[in-house]
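Please read the following account with the sequence and the three-dimensional model side by side.

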Amino acid sequence: MTVDMNSVITLTTDFGLSQPFVGVMKGQILTRYPSAKIIDLTHAITPHWPVEAGFWLARSYQYFPPGSIHVAVVDPGVGTQRAMVCVLADGHVFLAPDNGLLAMVVARAAPESTEIRRIDLNLLATLNLNAPSATFHGRDIFAPLAAELAAGRVLPCDLGEAIPRLMPSSVTDPTVEAQRLVGVVITVDHFGNLISNIDATLLRCFKSPVVRIEAREGTRELSLHRTYGDGRPGEYLALINSFQVLEVACVEQSAAGGLRLGRGAPIEVVEAG
Amino acid sequence: MTVDMNSVITLTTDFGLSQPFVGVMKGQILTRYPSAKIIDLTHAITPHWPVEAGFWLARSYQYFPPGSIHVAVVDPGVGTQRAMVCVLADGHVFLAPDNGLLAMVVARAAPESTEIRRIDLNLLATLNLNAPSATFHGRDIFAPLAAELAAGRVLPCDLGEAIPRLMPSSVTDPTVEAQRLVGVVITVDHFGNLISNIDATLLRCFKSPVVRIEAREGTRELSLHRTYGDGRPGEYLALINSFQVLEVACVEQSAAGGLRLGRGAPIEVVEAG
Amino acid sequence: MTVDMNSVITLTTDFGLSQPFVGVMKGQILTRYPSAKIIDLTHAITPHWPVEAGFWLARSYQYFPPGSIHVAVVDPGVGTQRAMVCVLADGHVFLAPDNGLLAMVVARAAPESTEIRRIDLNLLATLNLNAPSATFHGRDIFAPLAAELAAGRVLPCDLGEAIPRLMPSSVTDPTVEAQRLVGVVITVDHFGNLISNIDATLLRCFKSPVVRIEAREGTRELSLHRTYGDGRPGEYLALINSFQVLEVACVEQSAAGGLRLGRGAPIEVVEAG
């Protein structure tokens with residue numbers, strides 16, 4: 001399987017922007033590949049929670065040109081024996097620790113377009129990467145590797161042997177029963193919207209879906225709307241957002257703040273009674 | 001009216017950087033125009049408040065080369081019938097929802113250098129933009145449109161018919177009377193400075209201007225200084241800042257925190273008594 | 001002394017990203033030098049504290065290609081008589097106010113690779129920089145100057161006369177005695193790790209170093225580990241981080257939050273008793 005690289009490299013981490021962690025990753029990329037076009041996906045992933053990184057990456061890579069390289073580093077096991085992987089999926093390349101981060105990417109990609117390789121640490125010496133720090137593989141391994149791949153000096157198939165599967169995600173897919181679907185809030189966005197792992201396609205089994213969420217003051221039942229502007233300010237509503245997942249919003253306000261809910265809260269969909 | 005594009009595209013939104021909203025806009029721009037030079041103006045506009053985006057844009061575009069494209073998306077009405085506009089002003093191109101956001105830009109530009117066009121939604125199909133989401137026009141319409149404009153594949157005059165005026169801003173311009181000028185705090189900056197909508201030129205009518213602001217503990221009267229270093233740490237002062245508007249600052253501290261004032265607080269200028 | 005520029009310009013400020021301060025600096029760079037590759041090191045330096053900017057810069061520039069230009073603006077004295085300097089060190093170029101910010105950079109570079117020049121304000125007129133604002137030299141002087149240097153239209157040696165030394169930093173280097181080393185927390189990172197100014201090399205004098213830190217509940221004694229994964233979640237440990245300084249961490253939690261310590265807290269290293 002081959003991919004033509006296009007010099008776009010995206011970065012997704014839990015490093016924040018308050019220290020130069022991300023900056024020095026970019027410095028290492030430009031040192032090896034001055035033509036790189038580096039785009040930040042986000043650096044505000046909940047620290048040490050690979051699930052959120054994988055969720056956003058699985059929902060975002062499609063908006064980049066094929067042949068982009070996506071580096072994702074949420075890596076509580078850095079410096080331990082955890083593996084690092086290179087995944088080809090859908091014409092894109094992904095580099096990440098093998099800690100469940102890329103599970104959602106692979107789950108959504110066509111299997112015949114997917115290839116998983118475990119990065120061979122012996123290879124790193126041949127790329128002059130022979131003394132990485134024990135705590136910052138983003139800068140010392142992933143960034144240089146992305147640059148080498150983007151420059152075409154190394155190919156994904158050179159990185160190590162193909163393996164059949166990744167480590168699983170720590171969050172399971174939504175459970176689907178006859179009249180009932182249960183998912184979970186993966187993240188709260190900047191507007192306070194509660195974003196779930198329930199894909200739009202799962203709602204097709206419902207004639208008239210009702211979304212239930214447990215708030216402190218009792219269960220809220222919400223109907224599905226098309227857009228935020230369909231409600232009055234302060235009104236709660238459910239909608240399929242622009243990343244094709246179910247979210248709970250409060251018009252021009254924060255649903256997370258109003259309902260005091262966040263990451264991990266269950267969201268249920270049932271047939272209107 | 002024509003503009004020579006220069007491949008610079010700036011982005012101003014209320015999306016924050018904690019999710020990949022801005023990242024996927026950039027992905028869409030690079031997909032259509034790989035040579036784009038994308039610059040973030042800010043993504044921390046107060047959510048759903050187009051006034052602040054327009055204020056900063058009107059005060060910032062001059063620092064970019066002529067022929068830059070400025071995309072601003074603060075869009076509580078996304079997915080409803082609100083229009084989208086393309087404004088040419090002063091040799092720059094602006095794309096935004098028609099919700100008052102661009103009013104300050106147009107107000108400050110020379111009328112003969114200004115052209116307003118309402119974006120024709122039928123045009124979008126010809127650009128392969130025929131199924132935008134209902135909630136994320138930044139990614140699905142504005143970003144691709146900016147890329148097409150920067151690439152020169154579509155011209156501003158192709159985007160729709162010229163209209164005489166924009167929707168007005170929800171904040172009115174400062175009122176000017178004989179001996180008295182009243183404006184409002186538009187935003188609080190990172191240092192806690194209170195930034196008003198009072199332009200430097202308005203102060204020229206005063207021989208010896210005194211700035212009045214209502215704090216919880218009573219009215220503060222402040223004289224105008226040239227720079228922060230003119231005061232002692234902790235001292236309040238007023239100055240014309242580098243964006244040529246009046247601001248209230250507290251040397252090496254936060255004026256907003258100290259006075260417990262913020263967005264919307266009135267600021268008055270009177271002649272020294 | 002000469003340096004071949006490579007079109008990379010890094011930016012380090014205390015401006016935050018919530019207003020367009022950084023954006024307009026980039027606009028000014030691109031206006032003068034469209035080929036610039038601009039990288040944010042960080043814009044979240046503690047406001048008005050040049051020490052932290054210098055610390056990160058001294059620990060980060062090595063990850064960028066030689067010939068990069070590093071602009072650092074933490075500048076409480078902007079608009080006063082404080083000087084501005086251009087430093088060549090180790091094949092890199094640094095521009096900053098002369099307020100101690102660059103002291104750590106110069107302290108760590110080989111003296112024979114180092115040259116300090118005081119920027120001659122008369123020069124600015126020849127670069128069309130004749131009316132800078134009194135409050136925003138980042139946009140009005142440093143950014144254009146970096147662009148002119150990167151473009152090769154002006155050389156570091158043109159910027160002003162060489163001076164023997166910089167203003168000193170307000171934080172002194174760690175004190176080293178026979179069996180005892182005392183440093184200080186310079187910054188708390190995104191994960192809550194307490195990052196000190198104690199360089200890894202200083203620990204070589206200890207056979208079995210123990211790190212002591214004064215928390216509210218008493219003195220903590222910590223042994224040195226190799227990486228975060230060496231401890232259990234919630235365990236405190238000390239380690240030499242990837243920037244080669246001593247830090248105190250709490251596995252998968254915030255050491256700063258748990259110990260209620262931050263910038264300025266002393267950190268001591270002693271021989272195990």
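How much area do chain B and chain C bury between them? They bury about 2400 Å², 65% of it on carbon and sulfur atoms; buried area here is the accessible area (1.4 Å probe) that two parts lose on being put together, summed over both. Tyr63(B), His190(B) and Phe191(B) supply 26% of the area that chain B buries against chain C, more than any other three residues.

The model is predicted, and local features need pLDDT of at least 70, side-chain atom pairs count only at pLDDT 80 or more, and totals for chains, interfaces and linings use all residues. Residues are numbered from 1 along each chain as its sequence is written, chains are lettered from A and ligands numbered from 1 in the order in which they are written, and side-chain values use heavy atoms, with hydrogens and water left out.

The contact (heavy atoms within 4.5 Å) takes 27 residues from chain B and 28 residues from chain C. No salt bridge is found across this interface, where the rule asks for a side-chain nitrogen of Lys or Arg within 4 Å of a carboxyl oxygen of Asp or Glu. There are 14 residue pairs in polar contact between chain B and chain C, both residues at pLDDT 80 or more. A polar contact is a pair of N or O atoms within 3.5 Å; within protein, one must be able to donate a hydrogen and the other to accept it, and residues adjacent in sequence count only if both atoms are side-chain atoms. The largest share of the side of chain B that touches chain C, five residues, belongs to β2(B); helices (H or I, at least four residues) and strands (E, at least two) are DSSP runs, numbered from the N terminus.

Chain B also meets chain A, with 28 residues from chain B and 27 residues from chain A in the contact. In chain B, Gln19(B), Pro20(B) and Thr135(B) lose the most area to chain A, together 21% of what that side buries. Helix α1 (residues 21-32) of chain B gives the most to this side, with eight residues. The rule finds zero salt bridges between chain B and chain A.

Within chain B, six strands form an open sheet of mixed pairing, in the order β2-β1-β3-β5-β4-β6; two strands pair if DSSP finds at least two bridges between them. Its edge strands are β2 (37-42) and β6 (114-118), each pairing on one side only. Strand β3 (residues 69-73) and strand β5 (residues 92-97) of chain B run parallel over three bridges, and Val71(B) stands opposite Leu95(B) in β5(B). Helix α1(B) packs on the sheet and touches β1 (8-13), β2 and β3 of chain B. The direction of α1(B) makes about 155 degrees with that of β1(B), where axes are lines fitted to C-alpha atoms, for helices over the stretch in contact, and angles run from 0 to 180 degrees between N-to-C directions.

In chain A, three bridges join strand β7 (residues 175-177) to strand β8 (residues 180-188) in the antiparallel sense, and a hairpin connects β7(A) to β8(A) through two residues. Strand β8(A) also pairs antiparallel with β14 (residues 266-271) of chain A over five bridges, with Gly183(A) partnered by Ile267(A). In the hairpin of β8(A) and β9(A), which has five residues between the strands, Gly192(A) takes a positive phi near 85 degrees.
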